[in-house]
Amino acid sequence: MKRPAHLTQGRYAPPVPRRTLDVTSADGARLYAEVHGPEGAPTVVLSHGWTCSTAFWAPVVRDLADTHQVVVYDQRGHGRSPAGPPAGHSTRALADDLVAVLEQTLAPGERAVIGGHSMGGMTIMAAAERPELRARAAAALLCSTGSADLASEARVFPLPTPGGRRHAHRLLLGSRAPLGPVSPPAKWALRYATMGAGASAEQIEACARIVHACPSGVRARWGHMLYELQLTCGVSRLEVPTAVLVGTADRLTPVVHARRLASVLPQCAGLTELPGLGHMTPIEDPDAVAGCLRDLVRDHLATAPAPRGGRPARQKKEKTA
């Protein structure tokens, strides 16, 4: 029997939203979106990464939604958002979609803290110069992401030369091979490529179900965009307070990307490095990710209520001027 595309019980199972809606982007693409948490509370908008869906944010949403309104949406072709034409797989489309979500889920004049993981962080960078983003974003979190040179910097295939790594990762990013069922070998491969050695069986299962549910054609088309990615200018023009977070064992967007982002952001609000964690930080350490978002809300949006009790986040913070 086919497994659901996400866990259905426990911390990593998506909570029931307060409401759902369809968002229409600039080119007519339809995006599925959810709103969680109390109406009128400080708002956080979250954008997921390549091959993921709204379900990827489940533990972070659970952490925040008692005291924050949280908006999540499926990137086009992912989750419950239909795939667009091949030309719609671009950084411009990512920016269009984020702007549409902000304009159609926030109240007139409302601002939010915006968080993006991996391709979701690239979405924020792509929209950096949009007036709608500047009007709506009080602050941002770039989580486990990069702005350029992804294929040559990645360490899934730890080849000795940038050229060799670039070629190997181009094949990985552009592959249309079906991932098949969520089997023990498949989970081992996913953990190796995307997670730290300390990831739990439940965390690996949660990620595997989400990633395996992404259609292979969608995965390949967005993978080609990632291979060609060049958003360094966008980072330098992201003129809102922006925090950066990364796992030190991230093979897809290694820590060098996070440090580079922190060095060029106009208003870096701090760099958080999570020892031993991989690329899937919102699932590997949702407390740390939610904590960064809470801090941004507190410092740049509104006075948020005190966080709920829970285990302390594993963080090493370095403030970058």
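The model described here is a predicted one. In it, arginine 294 is buried, since its relative accessible area of 8% falls under the 20% cut-off.

**Helix α13**

- Because 11 of its 15 residues are buried, α13 is largely enclosed by the rest of the structure.
- The buried residues are Pro286, Asp287, Ala288, Val289, Ala290, Gly291, Cys292, Leu293, Arg294, Leu296 and Val297.
- The side chain of arginine 294 makes a polar contact of 3.3 Å with the side chain of threonine 67.

**Arginine 62 and its surroundings**

- Arginine 62 belongs to helix α1, which runs over residues 58–64, and with a relative accessible area of 32% arginine 62 is partly exposed.
- The side chain of arginine 62 reaches the backbone oxygen of alanine 13 at 2.9 Å, and a polar atom of that side chain also lies 3.4 Å from the backbone oxygen of arginine 11.
- Although arginine 62 and alanine 290 are 228 residues apart along the chain, their C-alpha atoms are separated by 9.4 Å; alanine 290 is among the buried residues of α13.

**Nonpolar cores**

- The largest nonpolar core has 49 residues, and the members that touch the most others are Leu98, Met119, Met122, Leu133, Leu226 and Leu238.
- Helix α2 (residues 91–105) supplies the largest share of this core, with 6 residues.
- Which residues does leucine 133 touch, not counting residues up to four places away in sequence? Leucine 133 touches Leu98, Leu102, Ile114, Ile124, Ala127, Ala128 and Leu238, and of these Leu98 and Leu238 are also listed among the core members with the most contacts.
- Another core, of 24 residues, lies apart from the largest one and includes Val113, Leu141, Cys292 and Val297; Cys292 and Val297 are also buried residues of α13.
- As background, nonpolar side chains tend to be buried together in soluble globular proteins.

**Pocket and cavity**

- The largest pocket holds about 680 Å³ of space, and of the 33 residues that line it, Trp50, Leu172, Ala193, Thr194 and Leu252 lie nearest its centre.
- Two or more lining residues of the largest pocket come from each of α5 (150–153), α6 (162–174), α7 (184–194), α8 (201–212) and α9 (216–227).
- Among these contributors, α7 gives the most to the lining of the largest pocket, namely 7 residues.
- How many cavities of 30 Å³ or more are there? The count comes to 1 cavity, and the space in the largest cavity is about 30 Å³.
- The lining of the largest cavity is formed by Pro14, Pro15, Glu34, His36, Thr54, Ala55, Trp57, Ala58, Val61 and Val72.
- Strand β2 (30–36) and helix α1 each contribute at least two residues to the lining of the largest cavity; α1 is also the helix in which arginine 62 is found.

**Serines in loops**

- Serine 118, in the loop between β5 (112–117) and α3 (119–126), has a phi near 55°, a positive value in a residue other than glycine.
- Is serine 118 buried or exposed? Serine 118 is buried, with a relative accessible area of 8%.
- Serine 144 likewise has a positive phi in a residue other than glycine, near 50°, and is placed in the loop between β6 (137–143) and α5; because its relative accessibility is 0%, serine 144 counts as buried.
- Serine 200 lies in the loop between α7 and α8, two helices that each give two or more residues to the lining of the largest pocket.

Terms used: Residues are numbered from 1 along each chain as its sequence is written. This is a predicted model: local features need pLDDT of at least 70, side-chain atom pairs count only at pLDDT 80 or more; totals for chains, interfaces and linings use all residues. Side-chain values use heavy atoms; hydrogens and water are left out. Buried means under 20% relative accessible area, exposed over 50%, partly exposed in between (1.4 Å probe, protein chains only). Helices (H or I, at least four residues) and strands (E, at least two) are DSSP runs, numbered from the N terminus. A nonpolar core is a set of buried Ala, Val, Leu, Ile, Met, Phe, Trp, Tyr and Cys residues joined through side-chain atoms within 4.5 Å. Contact means heavy atoms within 4.5 Å. A polar contact is a pair of N or O atoms within 3.5 Å; within protein, one must be able to donate a hydrogen and the other to accept it, and residues adjacent in sequence count only if both atoms are side-chain atoms. On a 1 Å grid over the protein atoms alone, a cavity is a set of points where a 1.4 Å probe fits but cannot get out, and a pocket is an open set with protein on both sides within 12 Å along at least five of seven lines; lining residues have an atom within 4 Å of a point. Grid points are joined across faces, edges and corners, and a volume is the space filled by probe spheres set on the points.
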